[in-house]
Protein chains: 4
Amino acid sequence: MWKKEFFNSLENLGVPSHMIKRSSIGFNAIWKPIMELFQQRKIPELGWSNFQIRQLLDILSNMDSDKDPGSIRIGEREGRISTDILNDISGGFCHGIGRSGELTAAQPKAAGASLMQNLTNKIVLSLIKSLGLPNVKAALTIPFGTGMSIGMAIRGALNYYKIDFHEKPIILMTQIDHKSPRKGIEYIGGIIEIIPGRYGENYYAKEGVFTNIEEIKEIFQTNSNKISAIVSSTCFFAPRVPDNIKEIAKFAKENQIIHIINNAYGLQTPTLLKIIRQSIDAGRVDAIIQSTDKNFLTPVGGAVITSPNPDLIDAISKCYAGRASASPVVQLLVSLLSMGKQGYLSKIEKQQQNRKILEEALSNVAKEFNEHIIECNNPVSCAMSLKNVNPDKIQDLGGILYNLRVTGPRFINIHEDPFGSCTNEMKWPYIVMNAAIGVKKEHINEAVVRLKRAIKQIK
Amino acid sequence: MWKKEFFNSLENLGVPSHMIKRSSIGFNAIWKPIMELFQQRKIPELGWSNFQIRQLLDILSNMDSDKDPGSIRIGEREGRISTDILNDISGGFCHGIGRSGELTAAQPKAAGASLMQNLTNKIVLSLIKSLGLPNVKAALTIPFGTGMSIGMAIRGALNYYKIDFHEKPIILMTQIDHKSPRKGIEYIGGIIEIIPGRYGENYYAKEGVFTNIEEIKEIFQTNSNKISAIVSSTCFFAPRVPDNIKEIAKFAKENQIIHIINNAYGLQTPTLLKIIRQSIDAGRVDAIIQSTDKNFLTPVGGAVITSPNPDLIDAISKCYAGRASASPVVQLLVSLLSMGKQGYLSKIEKQQQNRKILEEALSNVAKEFNEHIIECNNPVSCAMSLKNVNPDKIQDLGGILYNLRVTGPRFINIHEDPFGSCTNEMKWPYIVMNAAIGVKKEHINEAVVRLKRAIKQIK
Amino acid sequence: MWKKEFFNSLENLGVPSHMIKRSSIGFNAIWKPIMELFQQRKIPELGWSNFQIRQLLDILSNMDSDKDPGSIRIGEREGRISTDILNDISGGFCHGIGRSGELTAAQPKAAGASLMQNLTNKIVLSLIKSLGLPNVKAALTIPFGTGMSIGMAIRGALNYYKIDFHEKPIILMTQIDHKSPRKGIEYIGGIIEIIPGRYGENYYAKEGVFTNIEEIKEIFQTNSNKISAIVSSTCFFAPRVPDNIKEIAKFAKENQIIHIINNAYGLQTPTLLKIIRQSIDAGRVDAIIQSTDKNFLTPVGGAVITSPNPDLIDAISKCYAGRASASPVVQLLVSLLSMGKQGYLSKIEKQQQNRKILEEALSNVAKEFNEHIIECNNPVSCAMSLKNVNPDKIQDLGGILYNLRVTGPRFINIHEDPFGSCTNEMKWPYIVMNAAIGVKKEHINEAVVRLKRAIKQIK
Amino acid sequence: MWKKEFFNSLENLGVPSHMIKRSSIGFNAIWKPIMELFQQRKIPELGWSNFQIRQLLDILSNMDSDKDPGSIRIGEREGRISTDILNDISGGFCHGIGRSGELTAAQPKAAGASLMQNLTNKIVLSLIKSLGLPNVKAALTIPFGTGMSIGMAIRGALNYYKIDFHEKPIILMTQIDHKSPRKGIEYIGGIIEIIPGRYGENYYAKEGVFTNIEEIKEIFQTNSNKISAIVSSTCFFAPRVPDNIKEIAKFAKENQIIHIINNAYGLQTPTLLKIIRQSIDAGRVDAIIQSTDKNFLTPVGGAVITSPNPDLIDAISKCYAGRASASPVVQLLVSLLSMGKQGYLSKIEKQQQNRKILEEALSNVAKEFNEHIIECNNPVSCAMSLKNVNPDKIQDLGGILYNLRVTGPRFINIHEDPFGSCTNEMKWPYIVMNAAIGVKKEHINEAVVRLKRAIKQIK
């Protein structure tokens, strides 16, 4: 990366040549991974130091025109900022990303941001492939979250397949009691038809909330001509289990409808990726949506859309209107580089250990209070029944844990409102806790200790 | 902000009491504007120092749960990040903003980000009001740009007025040759009907591209029952002039359709704000959209929607799906605080001076080459005819300026493609240059010098 | 630290009261250790987060007059700086520390820096006491290293005891083959008389380089009337062992001469501190000097002088001429806070484990090449004889390791120059490696592997 | 600086070649001045951006061994730090500067810091030469202030000329009522003989405090054999005028004694530099000492020693004991680069304008209260008599200004203590204000307004 002339220019500055030579070895060792990234364009094996990450951002952001000390800028917007803080908190990318035409179009004033975006998409794609999805062929980092991105994927696919007429499109969606995906679809003018969740033994686990491929087919029959797409889901809180994605993919293929997989935080779970991989091979999968913060430990606000079809990814990119904030993209880049492939794999491994620890710890609580762990085999979360707790006191339980500074547990009191359980068939209230990627073991153990204390308090 | 106990605790640390007392005066002077901001919730008169701005961000971001050293976090996402750089480049707001329900809903895990967002909306509203729009009543900072925000405003208004049926909505839009607003509307499933631009003397200037209220009415007659909204525009490159917003507002009121004003970079122009203010009073204006980077010198990627109707702003906020990146919001906050009201007003003043300088400088060029300045009175940009330049060489002109490191000039060669002129009625090619807020006088002068050089080169 | 009014001022900003209340708990948990530090003025039990450390620096540096936005500054120096970077890389303390009168005098323009300095001295004193020196009563952080600080301590003591006449003072010093202490004494105008090191069994270990109390007494007899002080040493590379400090202290007391202990990196070694503690009780110890970087992992350039006599520390502080750079002081403060007492103790523990690992690893090498580990029981370093290596090749050995990027090993080839061995009595060349505080286990093991490779290469 | 391969490696990353080419122009424009600095080793004409300065620091500090990711470190100190903050607040130079042998010796573990130090010395020398001292030949940046540096220069010169015997050296010094220089000399074991200041018309101005070459000669006669050096002064507060340096230089040459010039803040004053230049040519000048903060707007704590004799500078460097904090050196480097030569010259120009403004404003006060401005022509400060103020109230005046947040004015009440006036011959109390480099015009005017208010208050 650094010319030989540079080291030559250090001669006769009071430091002997052999010292400069020696120190140039260490110096180049720092910059080598940066050069390799530009050449290889894939996730590095080892995580980078903060210094290396900042150097990369500096290199890229200084290719944008607002950094060129000799440029004459007379456009209506020129990446001008009122204070340097803005440069710092945007990672240096004041021009944003994209062009009015397309989210991934090269912006003439922002060659650096454009390179940054392309690099990020290639890097995240290389990681996702290596995690178990070799059959996705393109990835696009989106500057908003999963819900909005599901909408955007549908909008892009409707454009791509030119199946958007004067009537609004109807979108099938398996029941996920989460408002964002629904809103994301309504946002683009879609009408949603929900496939209801059922409770019981199923294709995935001994018990849990699942959806039924037969019901999907049935609902489809009734108004097949207007249905454009189906959204299936791999991730939700226990006792929800993943949809039968493979069957849905086959169904989508047979009926020629778009199939979008909401894989919100599924990249951390190899078994889910295996299911998706098989679904791509066996049926139709148009796009798979995942959150950047839930999978890759970035600040909230980004998503990655992947697809076996690069042209579809292009079409999705083209439906975005105008330039966008570069922040979610640069944040993903930073996070991936800081972990490296090895770092990410070891976080996945730890997540799996923590998931076991969580179940064991909660099992002890269940035993003590005569409850049971719902055996739904959810890869991230764990649900315990609260059948022996006075339903009127369940809200208090939540309040007590909140005051004990435990964030994240969900109490679903079906007697009050089944929303959250993804079905109308649950028999008792329950609590869910998560052992998601990045959680600390101590937090899991301490959360369970405090839960026990809280249950005793209300009993 | 700081307890008396704090200063007391500094006694007997080797520094005499009178020195501590004296230094506490300077110390409190630094924190006073921060305290006042929380109390008054409006743009400060004077700009803040970088230190004060960072303190405010620190105070707010440390109210988020991911910063609480004693919290136990077992949700599926907890604002976890893989490296501190992510905290730095997000301004500290790792939880993003909003909740699945609504963009402005208070997020229980992110009290600080929620406060930050509310403060920002109040501050930008206070500034906009004082700039000349006292009759707007609410403002919402949107984590994407103008084009997407126009779509979002329409989506929110359709929801608010419950006028969205199985058919897609048809949206009238005055001709603006900019892809983003069109795409933003198509994104939400809207169908666009363009009111074509006309060239000549008009309601605003001696010459220029304008739209005709009679044509709007005519087009509306033909399919009135399906038209939901009209989008008008105040800002575009010369020779386009602002729409006759007041007449459009009256028309929208009479015909009970939604009226959205695309005021992309109009906040820097008092005369435009006066027109909008009168339009609100005289007719119907539902929402006004403006870019944060074009008006407030932030990095690209945000917009502010204002409205005389706070409930409509709520409805718009509610149509966003899920949490969003806090970056565009915190970037706006930082920029506003760094300038203060006085700083912003002085930037507006300078813009107006620079606009004059631009016209004078271009006039000299026009004289030299026998061209003329189009007298359209555009408040930001200035267009000069290129009737005496060989049309085949116009592209070369652009290339030469690009290589001379001049960014931002636009060459519209109507002989090749009228797109960009907002009409089919232009008679000659032309060049546009901008004296937008934040431009440097030296850049304007130098750009014109280089333009001259470039024209000579191709002649 | 934060007034109740602050939290009250957050009401009605879109976040419910109970959320603000909850988040104020986490918020206050962050600031609590800062408040406690001001009150307790001792090393915190637990290390602080970077955010907390930066907050403390901000609070203190903003009490300096150069930060007061309302001050009118017309002195000849006013803490003015040419760029903000200077504020960053000085920790914010542009006024430096001290006053022309004294290093620790409160500077009226820099109440914050003065407080910072006092706090640092109190904190480092509290830590040193708790490590095993309860009988030192004051500590002074000096803005230069051990060598210069030894000189400064002597200068201060000469002033304090008013024993400095027209003749230059003669200073006894036990043999330490390190140039800095000698130069520090010459710098203040002292004349040095060396007590030569001897090799063999001694008061401390089976073998090693030591000094003989009888020889000290002998040398003293010859010119007692002109000798003002003796400098003893606890730390040097193996095979040097600590001086017999207790005997030297008794000797200093009997003969009424100043006794300065060079404890360069001895704070990491509890057994050395025990010896010093006993020496203070049994004889005379005026001042003990230690390096900040070698003991406390700061950047190079500071030292801490401690003494059982606070008045002597005052006198030392008073002999410094003018204000000084605040950097070495603020760097010590930052390092101590980042580790906390527990963090420091655990580093000491690890050092001791690593020292064992080093000896074991080197022992294997010794066995392989028929060398032996010198059994001098040095608490940080370990020396291995090189009697079976061709003396002409010893320099090559060093070169090979240097090229293998191993920094820090010392090769003493007594056949060429005994300097470094602290004696003329060594019989063979040797190599020394260190397991100092902060070293990584992997580095020790890898260094030994590479040493083996290097020895094989030259044999 | 950047290899062509780097830009080649950006191909096919979604950005067209012509954009990369164009952006590489701006990119290289940023790095060009850095490359030139390494090649030319002198102060750049134009000041650098913060980004460029930080890049230089990064490049240099990453050549130190503590940054080498592949190094194995087993010394007793290895630039290890406990937290990254320490890296930030030391500019990245954790190894400090120098070696036990010498302050400017290349440190094998810190090639970067060694280069940084050499660069700084060359850059500051190039600036000082161009300001008006072409006949100085070497510069050394010292990690402590003017007072300590005067002592160090004497210590180095005594070593260099080998004129230091068993008796302590006697140093002549013209009267400067400032404790630091005196202490700096006593610190190295010198005995000071003061040449008293006199008041009246003199070689420099109509009135003022000066020293008399005849008195110097007289005092020298009385004990010539023991006097080693003389310290003269160019800068002190009005009414002190510069010493008659040229005559003193001739005297030093004739009598073969060391001559050190205390030029504390004289680099900002071309006329003083002219006097020094002539003195070097006409007589003997060994070393000239100047403060980094007072001349170059760095944080307090550094000085620059220059000399017409590079060997003497070497000798001074060699008398420092051990490594030192790199902070004062890196701070000087940063400050010089941020200003550039043009920036510094324009600050000098402004200082001269401000000095005039100060005198005019004070003259008005003098007229109003029947006082007079002492016509001593001091280039930085201005003194006004207080003969008509009740002497008992002068302290109150100081207190009032302090409470009005005016820092820097000095009140000398000779009736109480003549210290500060540099003589016993002043007739009335007076006040001094400064218009030093970097002061703001508004501060001068406001300070005078408040002074007026204060005088009225006590009358």
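Student: What should I know before we start?

Tutor: This is a predicted model, where local features need pLDDT of at least 70, side-chain atom pairs count only at pLDDT 80 or more, and totals for chains, interfaces and linings use all residues. Residues are numbered from 1 along each chain as its sequence is written, chains are lettered from A and ligands numbered from 1 in the order in which they are written, and side-chain values use heavy atoms, with hydrogens and water left out.

Student: Why is the pair of Phe38(A) and Phe6(D) called edge-to-face?

Tutor: Rings of Phe, Tyr and Trp (its six-membered ring) pair if their centres lie within 6.5 Å; planes under 30 degrees apart count as stacked, over 60 as edge-to-face and the rest as tilted. The centres of Phe38(A) and Phe6(D) are 5.4 Å apart and the planes stand at 70°, so this pair is edge-to-face.

Student: How do you know that the pair joins two chains?

Tutor: Phe38(A) belongs to helix 2 (residues 17-40) of chain A, and Phe6(D) to helix 1 (residues 4-8) of chain D, so two chains are joined. Helices here are DSSP runs (H or I, at least four residues), numbered from the N terminus.

Student: Why does Phe38(A) count as buried?

Tutor: Buried means under 20% relative accessible area, exposed over 50%, partly exposed in between (1.4 Å probe, protein chains only). Phe38(A) has 0% relative accessibility, so the residue counts as buried. Phe6(D), at 0% as well, is also buried.

Student: What makes the pair of Phe6(D) and Phe27(D) tilted?

Tutor: Their planes are 35° apart, with 5.8 Å from centre to centre. Phe6(D) lies in helix 1 of chain D and Phe27(D) in helix 2 (residues 17-40) of chain D, so the pair ties together parts 21 residues apart in sequence.

Student: How do you know that Arg284(C) lies over the face of Tyr161(C)?

Tutor: A charge sits over a ring if NZ of Lys or CZ of Arg is within 6 Å of the ring centre and within 35 degrees of the ring normal. Arg284(C) lies over the face of Tyr161(C), at 4.8 Å from the ring centre.
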